[in-house]
Amino acid sequence: MLIAMPRMEDARFARTVVYLCAHTAEGAMGLVVNRLFNALSFPDLLKQLDIEPTPICDPIRIHFGGPVEAGRGFVLHSSDYVQDTTLLVDDHVGLTATIDVLKAIAQGNGPRQSMLALGYAGWNAGQLDYELRENVWLNVPADDDLLFGAEIEHKWERAIAKIGVDFSMLSGDSGHA
């Protein structure tokens, strides 16, 4: 997971925690996990997609996943749910961007844990590596609470605390030997 440094200049990413789904020589892709998209509820989204929820439907919240392709939905979820189109990020987390996962969640047959995001955070080739060298992001191993926990208001602080750092002591300056 990437943690925005306290002096992040890009307002879209200030105080964000980003789950990194892919990072290759061609670029990187991740989802912001601590910012809600308040303009749309899950029931409203299901209605727009003509999906009828069952009484056991998990009413998940919709997150702002990032500024790229803001109208496209991504479901980050536990690996107990896998389709042909699911990208297994690791042994515990999958990413599915098809309507089938939303139907499964609406019917109560979806993954054990999930979060729905509209849009994603993307970096061109070398861009994220440059930002890491320039002290724009910290990183921390992902855990279920940071990834899927319902209490998102203080995820940024909890992510920084996980690596044993007092965020008030962090500097935006980077040093190079």
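Trainee: Why is Arg-158 called partly exposed?

Mentor: Its relative accessibility is 26%. Buried means under 20% relative accessible area and exposed means over 50%, with partly exposed in between (1.4 Å probe, protein chains only), so that label applies to Arg-158. Do keep in mind that this is a predicted model, where local features need pLDDT of at least 70, side-chain atom pairs count only at pLDDT 80 or more, and totals for chains, interfaces and linings use all residues. Residues are numbered from 1 along each chain as its sequence is written, and side-chain values use heavy atoms, leaving out hydrogens and water.

Trainee: What makes the contact between Arg-158 and Asp-145 a salt bridge?

Mentor: The N to O distance is 3.2 Å. A salt bridge is a side-chain nitrogen of Lys or Arg within 4 Å of a carboxyl oxygen of Asp or Glu, so this pair qualifies. Asp-145, at 41% relative accessibility, counts as partly exposed.

Trainee: How do you know that Glu-151 and Arg-158 form a salt bridge?

Mentor: Their closest N and O atoms are 2.5 Å apart, which is within the cut-off and therefore counts.

Trainee: How many salt bridges does the rule give?

Mentor: The count comes to six salt bridges.
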